Amino acid sequence: MKTELTERTRSSKLWRDIKRHKAIYLLLVIPMTYFFLFKYIPIWNGQIAFRNFMPRKGVLGSPWVGLANFTEFFESFYFWELLRNTVMYSVGKLLISVPLSIILAVFIYECRRPHLRRIVQTLTYLPHFLSWVIMYGILLVLLAPGDGLLNDIIKFFGGKRLDFLTNVNAFPWVVLFSDAWKEMGWGAIIFIAALMAIDPTLFEAAMVEGANSWQRVRYITLPSIRPVIIMVVLLRLGTILSGGFNQLYMLYSPSVFSVGDIIDTWVFRGLQEGKFALATAVGMFKGVMGLILIVVSNRLTKRASGSSLY
Amino acid sequence: MKKTLVMLLVLLAVLMTAPVFAAGTVETAKPAAPIDIDLWYGAAITEAGPPPSDWVGYQIVKDKLNINLKITALPSNEADQDVKISAAAAADNLPDIFMVRRETWLRLAGQGMLATVDDMYAKMPIRTKVQYDADSIGFTTIDGKSYGLASPGSIAKNEGVLIRKDWLDKLGLAVPKTTAEFMNVMKAFTYNDPDGNGKNDTYGYGAFIEINNYEEGLGRRLDPWFGAFGVAGTWNLTKADFGLNVRKSAYYDAMAYIKSMLDEGVMDPNWLSYKKDDFRAAWKQGRFGIMREQNAAFAAQSNYAPFDKNFPKGEWIIVEPPMGPTGKASVGVYTQAYRIYALSDKVTAAEKDAIARLLEWMSSDEGYFLLGWGVEGVNYTLKDGIPVATGVPNAEYAFTGAKGQPVTQLRNMVFYNGQVELISRYPTYKAEVSGRTMSALDVLFEMQKKAWTPNIGGDTLPPPSTDLKRFYEQGVAEFLTGRRVLTKANWDAWVAEFDKLGGKAWEDTAREKAIANGLLR
Amino acid sequence: MENPLAIKTIKVPTVVRMTASDRIFALMVDSFLVVLFFIIAIPLWSTITLSFRPNHFIGTNFEGMFLVPWKWSTAAYKALLGNQGFLMAFWNSIRIMVMGVASALFLTIPLSYSLSIKSLPGRTLLVVIVLIPHMFDVGMIPSFLMVKDLGLIDHLAAVFLPTAVTTYNCLIMKGFFEGIPDELKESARIDGASELYLLMKIIIPLSKPIIMSVGLFYAVSFWNDFFHPMLYLNSHDLIPLPILLRNILMASGMNEFVEVSAFGEAPVQAIKAASVFLAAIPMIIAYPFIQKYFAKGTLLGSVKG
């Protein structure tokens with residue numbers, strides 16, 4: 001087989017590879033048609049970001065306006081602050097919620113008490129189903145300046161009541177930890193699925209060699225789910241300019257706009273004034289930024305660990 | 001025998017087909033097939049479904065008006081309605097006639113997506129008389145042409161300043177009149193245990209941020225305090241002193257007063273975190289003794305019941321709004337709210353005629369009662385000329401019952417806040433526990449008697465830019481939370497920055513618009 | 001998989017003793033999970049009690065958590081379940097979810113599998129094609145125009161087809177397929193198995209945990225979707241549960257306009273909380289059934305055997 005390969009030219013190898021995979025290409029016809037219809041037609045329509053979109057004239061008939069929709073965003077009084085807040089929440093969640101999900105998954109995997117494991121796994125999955133409207137209610141119960149649970153405790157120990165939800169110093173932490181509370185169990189599902197694929201004989205071998213629990217986690221468990229972790233982190237980096245619209249729209253209020261307003265909430269308030277092309281333009285901007293970030297970080301991880309998105 | 005049978009059968013066949021022929025001849029005499037009209041309406045009862053497919057209304061509309069009516073309920077939330085209509089408009093897919101909020105309507109009109117309706121008013125004499133007066137037509141008129149039909153929305157001046165009478169009595173206090181007296185009462189409500197439960201768990205004033213385009217800044221729940229300083233609402237619409245209230249020096253005084261409420265601890269500290277439901281749950285729990293609330297949200301049976309159960313001896317009274325140092329007082333600003341129904345500009349002349357016929361019929365006695373309450377004897381009975389839900393054979397089909405509600409979904413298209421509606425809508429009742437006689441209608445009338453600031457047309461003035469709006473709301477909130485220190489110098493600096501960001505320009509464009517539309521008094 | 005409901009535990013060889021550090025580790029794991037249990041359970045419990053709270057309850061939310069069950073009121077659940085349109089909306093939600101998950105997996109599995117074949121010419125390009133829509137969210141209008149052009153307005157397909165493949169799920173699945181040992185695939189190919197056979201008979205059975213997880217992700221997103229039905233569906237007969245619940249919540253919050261008590265004894269907050277639990281119940285019930293596919297060492301037997 002090897003000698004046969006070296007005899008052939010590269011182009012004929014490519015041709016042979018293609019021919020060898022013709023069944024795969026056939027398998028790809030339907031998904032790719034789907035992508036074309038449902039993903040790329042909207043992106044093509046996204047050119048309204050560069051046009052003054054008029055429904056009667058259609059996408060192609062509307063006049064070009066160049067970058068007007070983009071400059072409206074870039075020239076916003078709050079542009080840099082919006083960017084800062086958005087990145088702050090994306091990165092903050094990446095640094096808090098994702099590690100917590102991984103820890104939870106590993107601990108559920110390592111736990112030797114089947115009941116505890118089952119109960120915690122199911123329970124941590126539930127908060128994902130609470131909408132942010134309900135979450136706001138829960139946060140009020142815990143954090144309201146007047147009668148919040150946490151404030152009662154602070155007061156009990158002689159402290160001063162804190163207005164967590166309307167204080168610019170406390171608010172970002174409320175956002176980050178409420179997200180972790182709500183999503184860590186949900187986020188752990190994918191890591192638990194990954195852990196299930198580990199070959200248990202690895203552990204048996206390690207134990208025979210006298211490795212303790214810490215070493216097993218360090219040298220077997222974590223390395224074997226590393227590709228999934230990298231994948232999840234990379235994909236999240238691709239949407240770094242979406243900081244969690246539903247959450248912030250529900251939690252923020254005028255007194256914490258300076259730390260609570262993110263790109264998507266700003267766009268939403270613009271949408272209420274009918275600025276649809278602006279929303280599309282901002283979506284384009286976010287896409288380009290995400291693409292750059294994903295390409296760069298993918299290259300870095302490929303160099304460092306050999307895993308790659310593509 | 002057989003022959004006669006055949007003869008009979010033939011005769012029968014002829015008899016049976018005759019009506020078909022007859023109907024056929026009538027059909028050909030009629031001008032055309034029924035006209036399809038596609039209507040997107042705002043549901044009156046969002047949790048109930050649309051009228052059933054065998055609803056008598058469809059048949060009447062088809063028989064009498066030659067219209068095939070197809071109706072679709074808009075989403076229940078205003079922001080979603082905007083989204084849905086905007087998306088349909090972008091795809092050039094608007095229905096023939098649809099309800100739409102003013103901001104979206106304005107944009108659609110600008111894009112040339114809407115038909116003019118000037119010629120329709122004359123075709124609907126009855127409806128125009130009860131629904132569309134000059135103010136209403138002015139509300140939808142752009143450059144001399146009317147692009148939508150604006151029906152009266154919620155009733156004006158339907159909110160009031162309410163105070164816990166039982167708390168006043170318990171503490172031996174008189175009804176406060178001035179801002180200074182109000183402050184004393186609020187302090188007593190906060191620190192002197194007005195409910196006598198031995199716990200320090202009450203506050204003087206309760207509110208939450210509820211912002212409208214004509215009630216910017218801190219919103220309507222705090223407007224009585226701004227009213228005391230003559231700066232309620234976003235705009236001052238007087239000829240003498242037109243402008244943005246926030247740019248006036250009295251606004252600072254009002255801010256200073258509210259700040260003193262916070263510093264004294266008499267304001268429910270949750271006010272910045274409350275949403276509407278939390279605020280309403282809070283007064284039913286007896287958390288505060290003074291508030292601004294809406295008549296039905298306060299006094300309608302289902303809304304008052306929890307309070308009545310919790311505090312049978314509790315009593316709220318409607319008082320005059322607090323009077324400021326210069327003798328000014330106002331509950332807040334009022335405007336005339338409208339519900340706009342607009343027509344797609346793709347409607348043909350025949351369709352437009354049909355829509356006029358439909359709307360005129362809706363406002364006839366037949367349409368008014370059918371759409372408002374359903375069928376007499378099935379969905380309602382008349383008592384002194386007022387439709388009531390009692391006395392119908394099957395209570396489930398009463399207009400308030402689960403199966404009756406769907407047939408009243410279109411009622412907001414015919415209601416105009418007339419006497420019959422109001423009495424039917426806000427019946428007098430006895431509160432379950434205390435036995436107190438309550439009537440949201442009496443409450444309404446009393447609220448309307450208090451001092452208010454007219455602001456008709458204030459809601460048609462241009463909105464601020466997204467950034468300016470945020471700067472405004474964030475700024476006033478930050479002065480109150482202490483993130484910005486409220487001093488005259490800081491305030492002036494903030495207003496200067498506000499102007500720089502477009503505040504002054506906003507005021508100037510609004511002035512032109514207000515003068516052009518004759519809004520100043 | 002002798003006992004499908006239990007997650008298999010690691011069989012610790014008896015010759016290896018638990019060392020002190022192993023015990024500390026086990027203690028840490030257990031205490032972390034116990035602490036987490038309370039952190040999650042307490043707020044959740046307060047929401048559950050909130051959904052059963054009667055209208056005339058006085059007291060703080062903290063006191064509400066200790067409300068005894070015989071004082072609970074089911075008015076909120078009655079108000080929701082008693083709605084005329086509840087069954088139909090529930091059925092529509094089921095339809096959207098089933099059709100959605102079916103089409104999602106039908107599209108995602110072959111796509112992910114193809115992308116996982118390292119020797120496939122043009123693979124990088126294909127991954128990039130899949131990746132780009134993940135980042136470019138062009139907003140509502142461009143998508144609406146597409147749905148309209150495809151003639152899907154007011155069809156259930158408009159709700160589930162546009163989101164039937166998400167890049168995230170697709171690439172996650174691809175990552176798992178890549179983890180399947182190459183020798184397995186190659187030996188099958190050498191045996192003359194077609195790619196379709198390979199996918200159906202080897203890859204899919206080996207990837208149950210990930211297919212179940214991704215299926216769950218899809219199911220939940222279809223089940224909870226409010227925005228697409230709101231935008232694309234007009235007929236009342238087609239509306240799914242999230243829309244109906246939103247309409248009910250809307251009505252319960254519009255105190256200004258409710259002249260007759262439509263919700264009896266239920267306070268608004270209780271209806272809100274109850275609606276969340278009612279909507280989540282099918283997903284909560286489904287989870288244990290999905291968990292049973294999370295068995296350790298799924299790959300083991302096949303590689304060895």
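**Labels and their grounds**

Mentor: In chain B, B:Val61, B:Lys64 and B:Leu65 of α2(B) meet B:Ala354, B:Arg357, B:Leu358 and B:Trp361 of α15(B); two residues are in contact if their C-beta atoms, placed from the backbone, lie within 7 Å. This is a predicted model, in which local features need pLDDT of at least 70, side-chain atom pairs count only at pLDDT 80 or more, and totals for chains, interfaces and linings use all residues. Residues are numbered from 1 along each chain as its sequence is written, with chains lettered from A and ligands numbered from 1 in the order in which they are written.

Trainee: What makes α2(B) oblique to α15(B)?

Mentor: The axes of α2 (residues 56–65) and α15 (residues 349–362) of chain B come within 11 Å and cross at roughly 125°. Angles under 35 degrees count as roughly parallel, over 145 as roughly antiparallel, 65 to 115 as roughly perpendicular and the rest as oblique. Therefore α2(B) is oblique to α15(B).

Trainee: Why is helix α14 of chain B called largely enclosed?

Mentor: Seven of its 10 residues, 301–310, are buried, so the rest of the structure largely encloses α14 of chain B. A residue is buried if 20 or more other C-beta atoms lie within 10 Å of its own, exposed if 12 or fewer, and partly exposed in between. B:Tyr304 and B:Phe307 are among the buried residues of α14(B).

Trainee: What covers the buried residues of α14(B)?

Mentor: The cover includes α12 (276–284), α13 (295–299), β17 (429–430) and β18 (437–438) of chain B.

Definitions and conventions. Helices (H or I, at least four residues) and strands (E, at least two) are DSSP runs, numbered from the N terminus. Axes are lines fitted to C-alpha atoms, for helices over the stretch in contact, and angles run from 0 to 180 degrees between N-to-C directions.
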